[in-house]
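User: I would like to go through this model term by term. Please set each value against its cut-off and then conclude.

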Amino acid sequence: MLKALDHRAERIKAELDDARRLKEEAAKLLADYKARHAAAEREAQDIVAGARAEAERIAAEAKVKLEDFVARRTKTAESKITLAETQAIADVRAAAANAAVAAAATILSQSVKGSVADDLLAKGINEVRAKLN
């Protein structure tokens with residue numbers, strides 16, 4: 001009977017040791033899981049922070065590119081406007097010169113007659129054209 005009780009006590013002790021070992025393994029697994037979970041949370045936060053930083057960088061680059069594009073377009077438009085103004089001034093001067101030549105020709109042809117008039121008219125027209133253009 002004592003032997004049976006000793007045997008039973010040894011079996012209970014072995015079961016308690018197994019239970020203790022299983023409890024320690026479970027505690028280690030839980031600690032490992034918690035550590036992995038915390039690492040995954042940190043990694044997820046790092047990924048989100050990196051994505052935000054990348055999005056802000058891309059937005060800043062897009063803003064700079066847009067400002068550069070607008071500046072180049074504005075400069076191009078201003079150049080075209082300047083060129084158009086220059087061309088308009090040249091066109092007005094040419095029209096004024098042609099009108100002055102026509103007026104001078106009309107006045108001279110009515111007031112002066114003969115070959116002197118023709119020579120004077122030709123010379124005057126050439127001088128006015130040269131000075132106005």
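**Salt bridges, shape and surface**

Analyst: The structure holds seven salt bridges. This is a predicted model, where local features need pLDDT of at least 70, side-chain atom pairs count only at pLDDT 80 or more, and totals for chains, interfaces and linings use all residues. Residues are numbered from 1 along each chain as its sequence is written, and side-chain values use heavy atoms, with hydrogens and water left out.

User: What makes R36 and D32 a salt bridge?

Analyst: The term requires a side-chain nitrogen of Lys or Arg within 4 Å of a carboxyl oxygen of Asp or Glu. The closest N and O atoms of R36 and D32 are 3.3 Å apart. That pair therefore qualifies as a salt bridge. R36 and D32 are four residues apart in helix α1, so about one helical turn separates them.

User: Why is R36 called exposed, and what is D32 called?

Analyst: Buried means under 20% relative accessible area, exposed over 50%, and partly exposed in between (1.4 Å probe, protein chains only). R36 has 59%, so it is exposed. D32 has 36%, so it counts as partly exposed.

User: How do you know that R57 forms a salt bridge with E54?

Analyst: The N to O distance between the side chains of R57 and E54 is 2.3 Å. That lies within 4 Å, so the pair qualifies. R57 and E54 are three residues apart in helix α1, about one helical turn.

User: Which residue forms a salt bridge with R57 at 2.4 Å?

Analyst: E61 does, with 2.4 Å between the closest N and O atoms. E61 and R57 are four residues apart in helix α1, again about one helical turn.

User: What are R57, E54 and E61 called by accessibility?

Analyst: R57 has 37% relative accessibility and counts as partly exposed. E54, at 36%, is partly exposed. E61 is partly exposed at 37%.

User: Which residues are linked in a network of salt bridges?

Analyst: D18, R21 and E25 are linked in such a network.

User: How many helices and strands does the protein chain have?

Analyst: It has two helices and zero strands. Helices (H or I, at least four residues) and strands (E, at least two) are DSSP runs, numbered from the N terminus. One of the helices is α2, residues 115–132, where E127 lies.

User: Why is the protein chain called more spread out than a compact globule?

Analyst: The globule rule is 2.2 Å times the number of residues to the power 0.38, and the radius of gyration is taken over C-alpha atoms. For 133 residues the rule gives 14 Å, and the chain has 51 Å, well over that value, so it is more spread out than a compact globule. Its C-alpha atoms fill a box of roughly 165 × 15 × 15 Å along the principal axes. The C-alpha atoms of E127 and L16, 111 residues apart along the chain, are separated by 127 Å.

User: What share of the protein chain is buried?

Analyst: Buried residues make up 5% of the 133 residues.

User: What makes M1, L2 and L5 a nonpolar patch?

Analyst: Patch residues have over 30% relative accessible area and no salt bridge; like charges are joined within 9 Å, and nonpolar side chains (Val, Leu, Ile, Met, Phe, Trp, Tyr) within 5 Å. M1 is exposed at 80%, so it passes the area cut-off. Together M1, L2 and L5 have about 410 Å² of accessible area (Shrake-Rupley method, 1.4 Å probe; for residues, only the protein chains shown count as cover). M1 lies in the segment before α1 (2–111).
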